[in-house]
Amino acid sequence: MDTNRLLADVRAAVARAPVPAEVAMARGAPDRALDRFAAVYGVALRLGTVGLGGIAGALSLAQPASAVWFVPAVSLLAVWCLVFLSIAVRRGLTHQLVIADTLIICATLVLQEHLLSAAEIPNASGWLLPIGTAAVLLAQLRFRPGAGVPLGLLVAAADVAGQLRATDFRPGLLIGAAILIIQTVLGAATVQLVRRAGRAAESECERQAVQNRAAEVAAARRADEREHFRHLHDTALATLTMVGSGSVRSRSDVLLKRAASDAAALRALSAYHDADRTQLERLDAHLERVARAEAPEITVVLSVPPTLVRGEVVAAIAGCVGEALRNISRHAGVHEARIGAVVEDTGAVRVKVCDDGRGFDVRTLAPHRRGVRESILARMAEIGGAAEILSVPDRGTEVVLRWSGDDRRR
């Protein structure tokens, strides 16, 4: 059995796993969020300015404006608002929609001699200025500065052209155009800052996702390596130790069975990640098989009620029990062990493996005794459980395994 090849297969399976959806961030998400905001804001801006502007214009209607021009103009703007709303809701704030809006508003501004009173034209206080402002802001929200700024300047030029058609030139006529130009520049700068901030946040999220992914892969690899070496310790190394200590004769049937079982367990490592370890399995049946396989030379008394537990928990507890039985067989000097289990109403599971053998001082447990540390203590910790070794010299040993029954690792 090529154990290095098995470990490489497990590592490759982890490396191919996809990045979790809750960690990865879709590219372009900030721009799409800004576009959604622009569509909602654009509809509110266009409807609000035309609606309120139409009311204000009707209340301030005076010469040279006339109802002959005002009523059709406001009616057409209202129809355009409905068209604008329909397209924005279905397709968002498209380039074509914003260009059409800009041209319609420019045409309206050019005709302001028929829509504004004589008092409103010179000082940019008419109801058409907010409508022009909306067109300027919509252009900046939808386009990059290279196209948005020229559209804003076109609206400002239309405002100046409309005023010049209505009255003689004077410096005050440029106030409205100046306001529109300032709004164009500030709007373009603000939108670009928001887009850059969004992309910076997106890049940071992607960097964090890559780091998290690398950390998850590294942690999974370490966990796979630990589980791999635990399987080696629990199978091939345990069998070799029994042979070396003389507990099993080199040509006995027990050794042949254990060797075949060890080979099958090592081959199963290649499918370790493909198995669904969240399925419920019978804990009692697994412990019965472990007792037969790991301690054929001693008598094991089982007191385990039929219990369904998640597969990963069953595998961990069975591995711990197998290690405890092997330790009893090798070190306790007795021919009997006891396995008991209790399942609480909350779903918590407590398993005990006991013997009346030699026992040992737990405080003197050597660092090289990785069977207890890795195959029992660390294995239970990885599934959110706990293990405790209770032993007194000449009074036996008790291994207590606890799992809380929650689903945090599901």
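This is a predicted model: local features need pLDDT of at least 70, side-chain atom pairs count only at pLDDT 80 or more; totals for chains, interfaces and linings use all residues.
Reader: How many helices and strands does the secondary structure of the chain come to?
Author: The chain has 410 residues, of which 41% are buried.

Reader: In what order do the five strands of the open sheet stand, and which strands are at its edges?
Author: The five strands form an open sheet with mixed pairing, in the order 2-4-5-7-6. Each of the two end strands has a single partner strand, so one side of each is left without a neighbour in the sheet; these edge strands are strand 2 (299–303) and strand 6 (386–391). Direction ignored, neighbouring strands of this sheet are turned against each other by 15° on average.

Reader: Do strand 2 and strand 4 run parallel or antiparallel, and which residue of strand 4 is the bridge partner of Leu302?
Author: Strand 2 is joined to strand 4 (residues 336–343) by five bridges, and the two strands run parallel. Within this pairing, Thr299 stands opposite Glu336 of strand 4. The bridge partner of Leu302 in strand 4 is Ile339.

Reader: Which residue in the turn between strand 4 and strand 5 has a positive phi?
Author: Strand 4 pairs with strand 5 in the antiparallel sense, over six bridges, and Ile339 stands opposite Val353 of strand 5. The two strands form a hairpin with five residues between them, and the residue in the turn with a positive phi, of about 95°, is Gly347.

Reader: Which residue of strand 7 does Cys354 stand opposite?
Author: Seven bridges connect strand 5 with strand 7, and these two strands run antiparallel. In strand 7, the residue that Cys354 stands opposite is Glu398.

Reader: How many residues of strand 7 are buried, and which residue in the turn between strand 6 and strand 7 has a positive phi?
Author: Five of the seven residues of strand 7 are buried, so this strand is largely enclosed by the rest of the structure. Strand 7 is also joined to strand 6, antiparallel and through six bridges, with Ile389 opposite Val399 of strand 7. Strand 6 and strand 7 form a hairpin with five residues between them, and the turn residue with a positive phi, of about 70°, is Asp394.

Reader: Which strands does helix 9 lie across, and what angle does helix 10 make with strand 5?
Author: Helix 9 (residues 283–294) lies across strand 2, strand 4 and strand 5 (349–355), and runs at about 175° to strand 2. Helix 10 (residues 311–332) also packs on the sheet, where it touches strand 2, strand 4, strand 5 and strand 7 (397–403), and the angle between its direction and that of strand 5 is about 10°.

Reader: Are helix 3 and helix 4 roughly parallel or roughly antiparallel to each other?
Author: The axes of helix 3 and helix 4 (residues 95–110) come within 11 Å and cross at roughly 170°. Since angles over 145 degrees count as roughly antiparallel, the description that applies to helix 3 and helix 4 is therefore roughly antiparallel.

Reader: What classes of residue make up the contact of helix 3 with helix 4?
Author: On the side of helix 3, the contact involves Leu77, Trp80, Phe84, Ile87 and Ala88, which meet Leu97, Ala100, Asp101, Ile104, Ile105 and Thr108 in helix 4. By class, these come to nine nonpolar, one polar and one charged residues.

Reader: Why is the pair of Phe37 and Tyr41 stacked?
Author: The structure holds three aromatic pairs. In the pair of Phe37 and Tyr41, which are four residues apart in helix 2 (residues 29–59) and hence separated by about one helical turn, Phe37 counts as partly exposed at 47% relative accessibility, and Tyr41 counts as partly exposed at 32%. The ring centres of Phe37 and Tyr41 lie 5.5 Å apart, and the pair is stacked because the ring planes stand at 10°.

Reader: Are Trp80 and Phe84 buried or exposed, and what kind of pair do their rings form?
Author: Trp80 and Phe84 lie four residues apart in helix 3 (residues 67–91), about one turn of the helix, and both are buried. Their ring centres are 6.1 Å apart and their planes stand at 75°, so the pair is edge-to-face.

Notes: Residues are numbered from 1 along each chain as its sequence is written. Side-chain values use heavy atoms; hydrogens and water are left out. Two strands pair if DSSP finds at least two bridges between them. Axes are lines fitted to C-alpha atoms, for helices over the stretch in contact, and angles run from 0 to 180 degrees between N-to-C directions. Contact means heavy atoms within 4.5 Å. Rings of Phe, Tyr and Trp (its six-membered ring) pair if their centres lie within 6.5 Å; planes under 30 degrees apart count as stacked, over 60 as edge-to-face and the rest as tilted. Buried means under 20% relative accessible area, exposed over 50%, partly exposed in between (1.4 Å probe, protein chains only). Angles under 35 degrees count as roughly parallel, over 145 as roughly antiparallel, 65 to 115 as roughly perpendicular and the rest as oblique. Ala, Val, Leu, Ile, Met, Phe, Trp, Tyr, Cys and Pro count as nonpolar, Asp, Glu, Lys and Arg as charged, and the others, Gly among them, as polar.
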